Amino acid sequence: MNYYDYIIIGSGIAGLYIALLAIERGSVLILTKGSIDDCNTKYAQGGIAAPIGKGDSPESHFEDTMAAGGGLCDAEAVRILVNEAAECITDLIGLGVPFDTLNGEITLTREAAHSVPRVIHAGGDATGEHIEVTLSQQVRSSPIEVLEHCLATEILVENDKVKGVKALDCRAGSMEEYSCRFLILATGGVGRLFKYTTNSDVVTGDGIALAFEAGAEICDMEFFQFHPTVLRLPGVAPFLITEAVRGEGGILRNVEGYRFMPDYVAEAELAPRDIVARSIVYEMKKTHSDRVFLDVTHLPPRLITTRIPHIYRFCRQHGMDNAEELIPVAPAAPY
Ligand SMILES: Cc1cc2nc3c(=O)[nH]c(=O)nc-3n(C[C@H](O)[C@H](O)[C@H](O)COP(=O)(O)OP(=O)(O)OC[C@H]3O[C@@H](n4cnc5c(N)ncnc54)[C@H](O)[C@@H]3O)c2cc1C
C-alpha cells in the first residue's frame, strides 16, 4: 500500500491550498474524482469577503456575519474566519492569484449583509476560475502527487484511527488502497442533491457520507443556503447571477415590474441571502410565476461589461442584453 504523510481528497480551493501548505511538512497525495479543475471553486463568481479595506476590521466583519446568521452562527468559527481572512488573501496573492486592482490597490465590492465594501474579486466575476487555475498550476509544479479520476469510496479505520483511504481508479476500473498519517476531506458541498443547482456534477456530498460511514459525528445538516438569484431560462442550466450585481445597484422586480424587496425588509436587495431568497419565493407565489427579475438597466453599461463580464457574455449567448433587458431569476442551491 502506498504511504503518504498527507492524503487530501478533493482539488477545489480547500484541497489545493491545504496541499500547498502540507507539502512543506511531508509527502502529499491529492485524490480527485474528476479532472483537477472539476469542482465548484472554478464557478465562484463575485469574490471572497475579507476585512482588508480602509476603515474595516475583523470586529466589524464578525458583527456583520453574526447578524446575518440570525443568532445561529458558531461564534468561535466566525472568529477564526474573520481573524484569518486577511492572511489567507495575502497567501493567495503570494501564490499568484490576480485579484482585481485599481491604481495599485485591491478593489472591493459591497455585497449583501456586509456593512462596508469587503469583497475581493478577480477577472470581474471570474474569481473562482482564477483561483483554481493559479493553485492547480502551483500544485502541478510542486512535488505534490495528484491522481485524477480517482473516486474515494471508503475511509480505512483501524482501532478507531484513520489509516488511509480506498479509492476507485475510474479509468482503469480498479480499487486501490492508500495509507497516510493525516487524511483531509476537502470534498466540498452537496448542491447536486437538489433539482435546481448551480453546482458542478462532482459536488454530491461524498465527504460527509464517507466520514459518517467511518464513524464521525455529523452535525448541522439542516443548514443549507439557497442563492436568491440564479438565471431561470427554459432549456438553460441554472447559472448563478452573483450577489455583486445587487451590490453594484441591481434591483429585484416581480413579473409585474414592481420592486418588492423594500416591502419585506429595510435593507431591500442588500439583506442577507436567506431573507432575499424567501422574499423572492413569496413574491413568485403571489404572482403565480416561477421567476422574478433582476434589473440592471439603470446602471452604466460600462459597469455591467467590466464588473460582470462573464455574466454579461453568458446572457448575450442566450439572446439577452443585460444593459437593456431584465434578467429572469429564481433561488437555487448554490454550494
Ligand atoms: C456558481 C457558483 C458561484 C459561487 N460564487 C461564490 C462567491 O462569489 N464567493 C464565495 O465565497 N463562494 C462562491 N461559491 C462557493 C464556492 O465556490 C465554494 O464554497 C468553494 O469553492 C468550495 O471549495 P471546496 O474546495 O470546499 O469544494 P469544491 O471546489 O467543490 O471541490 C470539491 C472537490 O472534491 C472532489 N471530490 C468530491 N467527492 C470526491 C470523492 N468521493 N473522491 C474524490 N474526490 C472527490 C471534487 O471532485 C472536487 O475536486 C460559488 C459556488 C458556485 C457553484
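# Notebook: patch, salt bridges and cavity

Entry 1. I began with leucine 193, which counts as exposed because its relative accessibility is 61%, and the cut-off for exposed is over 50%. The model I am reading is a predicted one. I then looked up where leucine 193 sits. It is found in the loop between strand E11 (174-185) and helix H5 (206-213). Which residues make the nonpolar surface patch with Leu193? I found Phe194 and Phe226 beside Leu193 in that patch. The patch covers about 280 Å².

**Entry 2. Salt bridges, the count.** Next I turned to charged pairs. Side chains of opposite charge can pair when their charged atoms come close. How many salt bridges are there? The count comes to 20 salt bridges. I followed up some of them.

**Entry 3. Lysine 166 and glutamate 154.** These two side chains form a salt bridge, at 3.8 Å from N to O. The pair links distant parts of the chain, twelve residues apart. I placed lysine 166 in strand E10 (residues 161-169) and glutamate 154 in strand E9 (residues 150-158). Lysine 166 is partly exposed, with 24% relative accessibility. Glutamate 154 is partly exposed too, at 37%.

**Entry 4. Arginine 273 and glutamate 243.** Here the closest N and O atoms of the salt bridge are 2.3 Å apart. I noted that arginine 273 lies in helix H8 (residues 273-286), while glutamate 243 lies in the loop between strand E13 (239-240) and H6, so the bridge ties together parts that are 30 residues apart in sequence.

**Entry 5. Aspartate 321 and arginine 316.** I looked up this salt bridge and read 3.2 Å between the closest N and O atoms. Aspartate 321 is buried, with a relative accessible area of 13%. Arginine 316, by contrast, is partly exposed at 45%.

**Entry 6. A network.** One more item on salt bridges. I found Asp56, Asp64 and Arg118 linked in a network of them.

Entry 7. About 60 Å³ of space lies in the largest cavity. Which elements give two or more residues to its lining? They are helix H6 (244-247) and helix H9 (301-307). H9 supplies the largest share, three residues.

I wrote out the lining by name: Ala244, Val245, Glu248, Val296, Leu299, Leu303, Ile304, Arg307 and Ile308. By class, seven of the lining residues are nonpolar, two are charged and none is polar.

**Entry 8. Glutamate 325.** My last stop was glutamate 325, in the loop between helix H10 (309-317) and strand E16 (327-332). Glutamate 325 counts as partly exposed, at 34% relative accessibility. How far apart are glutamate 325 and valine 255, in sequence and in space? They are 70 residues apart in sequence and 13 Å apart in space, C-alpha to C-alpha.

Terms used:
Residues are numbered from 1 along each chain as its sequence is written. This is a predicted model: local features need pLDDT of at least 70, side-chain atom pairs count only at pLDDT 80 or more; totals for chains, interfaces and linings use all residues. Side-chain values use heavy atoms; hydrogens and water are left out. On a 1 Å grid over the protein atoms alone, a cavity is a set of points where a 1.4 Å probe fits but cannot get out, and a pocket is an open set with protein on both sides within 12 Å along at least five of seven lines; lining residues have an atom within 4 Å of a point. Grid points are joined across faces, edges and corners, and a volume is the space filled by probe spheres set on the points. Helices (H or I, at least four residues) and strands (E, at least two) are DSSP runs, numbered from the N terminus. Ala, Val, Leu, Ile, Met, Phe, Trp, Tyr, Cys and Pro count as nonpolar, Asp, Glu, Lys and Arg as charged, and the others, Gly among them, as polar. Patches are made of residues with over 30% relative accessible area and no salt bridge: like charges are joined within 9 Å, nonpolar side chains (Val, Leu, Ile, Met, Phe, Trp, Tyr) within 5 Å. Accessible areas come from the Shrake-Rupley method with a 1.4 Å probe; for residues, only the protein chains shown count as cover. A salt bridge is a side-chain nitrogen of Lys or Arg within 4 Å of a carboxyl oxygen of Asp or Glu. Buried means under 20% relative accessible area, exposed over 50%, partly exposed in between (1.4 Å probe, protein chains only).
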